[in-house]
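Work through the exercises below with the structure in view. Each task is followed by a solution in steps.

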Amino acid sequence: MNTVTISRRDFIKVATVAGGGLMLGFRLQSDTGASAPADFAPNVWLRIAPDNTVTITVARSEMGQGVWTSLPMIVAEELDADWNMVRIEQADAHPVKYGSQSTGGSFSVRGSWQTLRMAGATARDMLLVAAASKWKVAKSNCTAAKSFVHGPGGRRLSYGELTLHAAELPVPSSVKLKEEKDFTLIGTRVRKLDAPAKAYGTATFGLDVRLPGMLFASIQKCPVFGGTVALFDASASRKIPGVVDVVQVENGIAVIATNTWAAFQGREALQVAWNEGKWASQSSAAIRKMFESALANRGTVENYAGNAETALASAAATLEAVYEAPFVAHQTMEPMNCTAWVRGDSCEIWAPTQSPQPIQTQAAQILGLPLDKVTVHVTLMGGGFGRRLNPDFGMDAVRVAKAVGKPVQVVWTREDDTRHDWYRPMTLNILKAGLDKDGKPVAWMHRIAGPSSRGLVTGGSTPPYDIPNFVIESHILDTGVPIGAWRSVGPSQNGWIVESFIDELAHAARKDPFEYRRSLLSQSPRLKRTLEYAAEKAGWSKPLPKGKGRGIACVDSFGSTCAQVAQVSVVHGKVTIDRIVVAVDCGPAVNPDTIEAQIEGAIAYGLSAALKDEITIDKGRVQQESYDDYRMLQFDEMPEVEVHIVPSTESVGGIGEPGLPPVTPAVCNAIFMATGKRIRKLPFGLDAMG
Amino acid sequence: KKRTVDAPPEMPLLWVLRDLLGLTGTKFSCGRGLCGSCTVLLDNEATRSCVTAVDYAADKNITTIEGFAADKKHPLLEAWIGEDVSQCGYCQPGQILTAAALLERKSNPTDTDIDAAMAMTLCRCGTYPRIRKAIKSAASRRAGSGGGQ
């Protein structure tokens, strides 16, 4: 459907389909607060100035995934704007204007696709009407390209020349969207708009916010989750030059200083006694034991088909395995931070956040202010990966700013960041499967134990393969450890587990792991196509020399399908990951260059968790602190990555996360091929595999 | 440009740059010299400013990303933008200055040279393959323009 009728009801309808929630944001009247009188601003998403500049509002957060470029591309495509004249403006928090601004779940492009296309198409239509009426010709005789309207007889007018006239026109009741085959900008490799500022060091991240007279603060929090301050002595802190104040806030002791270093030093000089609370003796070992005893019993049934138990009992062969993954942290390069300024009856916040609206709402609650008195500016952020969906660091700044009455930047140390994260859950999993005499799976059972329900079973709740009897059960247990969204969430673990266990089934059935998967994907044609594409591009059928192994995996997540073939070498028992060949079907590929970058990034992030990352708990505390004991993939450890975008007629999918789930199983399956060792516990080193 | 600041001698150069001089292009990430986000050039040597006391840097030539990029002309900057290296961008000033010090030492680095120079400058977004491409592209741009050493 390419013609969309624009009425308020339709916008709500479209937005509900696209966003999963009510979205009142698409207003057709000009956003007068932001635009100059001579501008043409038919809706909140764009405005055109007489100098031909097109300013496009980005309401999602830029954290490296490229939305400052991909979202404007969608508007500019339908607007037929000259890309060189496009500028962007990051939106402040405003639920009424923009609808959801949450930047997670690989949803920015998917969730904005229809709205932004309509925004651009509406403006384009009005510019065509404006030119046609100036020339006194029919609109159908006019065309638009690169910010010009062209009319009969070689006449043309730039968008800038039409702003005044277009601004007086009624907003059309319906607009025609382009056919995807007619796209001229979407699908091309466009350099990210923020590339120069990020190379020159002029990009403003949360920590780079500077205000006249601002102060800097560091908060000492209880190292035990849920613990509180019992007593503290700040006399030594107050003697540190630069320290201006020490205040107790709800979640700790804040040292406020004229510079960050003095705040850190003042904090080190604090003497604090804690009420450690009920988790004071929690440990990873105790958590694992709790999971283990839970798994002895049936859990809550999350999904099932047929009768897995009966099928398992009558199967020709059965397999059973235990898979486990630890807590992992996000470790964004820019530590959590936020700047706030509370001025009597209003508050202004500068936050490197993936979700400004909860910051606005919670700040309003803490300060007792109406929502419209709390302004939240979204800055660039040094990595998000799900961590910055949580507003906790924003509330740190609001509480301290409330206490000091001056603009204040609260800065977390790297150690704070590692110890006070919202972690990917540790899980323990029992898997059982039954095969018939031909090696086909007839039963599949996956029982998961883990903390919190967030993403625990997603990516594992429905095996994509043709298995007539399956049951997925969960035990959700409170461990005291805060749990959050970690790039690709449930599928980051369950993708590994499902794709490793199906590999075990293939080998038990003495079948080629690619052919085995392919024969079982009749209900998942898109995933099957993606799998085949990866196998073909990787030369799956070509024999490998001794000492090398190939592994394959495919996962459907966040609206896209992704398959990967990993190739590893083993020399004297040491494994090297040589190459990862990736096929991804994300529907229309908005910016292929960004898609490739996101896949490369997801692979690096996934491999860090596979090979290195592990948060452990002892005495209720996270034991890791910084980059030396919680390590990430290094430059010289990055495998060669080759990305192939599958030509697709599917609807638009996500891209920030789908590249992650297949990488760990592809590598583990390759290691099995090369060494015969099956990896069922993360993280695993590469040094002693032979 | 000569800058004068009033700071305790043991204050890390990072915080002098960021909080006293307002040069925020140099980034804080670990404060322990582990990641390289805070890298500056001190007399052309890549140096981690978070573990360098300001008195050690006094009277030396300090090149931050702002100074390095002032004329926007260095082949590394062109290569970085051309390869669209940055994702979140936070570690990139440190990556660029680490690469700049490498190119000062070796105008045409091999993959092994690049691995050795860049191994301990961390990037959580995984821009490593593009950093490698950009360094090679900058090296060949310099060779092509008769630059280099």
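**Exercise 1.** What percentage of the 690 residues of chain A count as buried?

Solution. In this predicted model, 56% of the 690 residues of chain A are buried. A residue counts as buried when 20 or more other C-beta atoms lie within 10 Å of its own.

**Exercise 2.** Find why the radius of gyration of chain A agrees with that of a compact globule.

Solution. Start from the chain length of 690 residues, for which a compact globule would have a radius of gyration near 26 Å. Chain A has 27 Å, so the two agree. For the extents, the C-alpha trace spans about 80 × 70 × 45 Å along its principal axes. Then turn to the contacts in chain A with a separation of 6 or more: 77% of them join residues 24 or more positions apart.

**Exercise 3.** State how helices H11 and H12 of chain A are arranged.

Solution. Chain A has 18 helices and 29 strands. Locate H11(A) at residues 356-367 and H12(A) at residues 392-404. Their axes are 10 Å apart and meet at an angle of about 30 degrees. Angles under 35 degrees count as roughly parallel, therefore H11(A) and H12(A) are roughly parallel to each other. The crossing of H11(A) past H12(A) is right-handed. Residues of H11(A) at this packing include A:Ile359 and A:Ala363, while those of H12(A) include A:Met395 and A:Val398.

**Exercise 4.** Over which residues of chain A is the pLDDT below 50?

Solution. The average pLDDT of chain A is 93, and 94% of the residues score at least 70. The pLDDT is below 50 over residues 1-32. This stretch still has 63 contacts in the model beyond near neighbours in sequence.

Note on methods: Residues are numbered from 1 along each chain as its sequence is written. Chains are lettered from A and ligands numbered from 1 in the order in which they are written. This is a predicted model: local features need pLDDT of at least 70, side-chain atom pairs count only at pLDDT 80 or more; totals for chains, interfaces and linings use all residues. pLDDT is the predictor's confidence in each residue, from 0 to 100. Two residues are in contact if their C-beta atoms, placed from the backbone, lie within 7 Å. Helices (H or I, at least four residues) and strands (E, at least two) are DSSP runs, numbered from the N terminus. The radius of gyration is taken over C-alpha atoms; the globule rule is 2.2 Å times the number of residues to the power 0.38. A residue is buried if 20 or more other C-beta atoms lie within 10 Å of its own, exposed if 12 or fewer, and partly exposed in between; C-beta atoms are placed from the backbone. Axes are lines fitted to C-alpha atoms, for helices over the stretch in contact, and angles run from 0 to 180 degrees between N-to-C directions. Angles under 35 degrees count as roughly parallel, over 145 as roughly antiparallel, 65 to 115 as roughly perpendicular and the rest as oblique. A crossing is left-handed if the near helix is turned anticlockwise from the far one by less than a right angle, and right-handed if clockwise.
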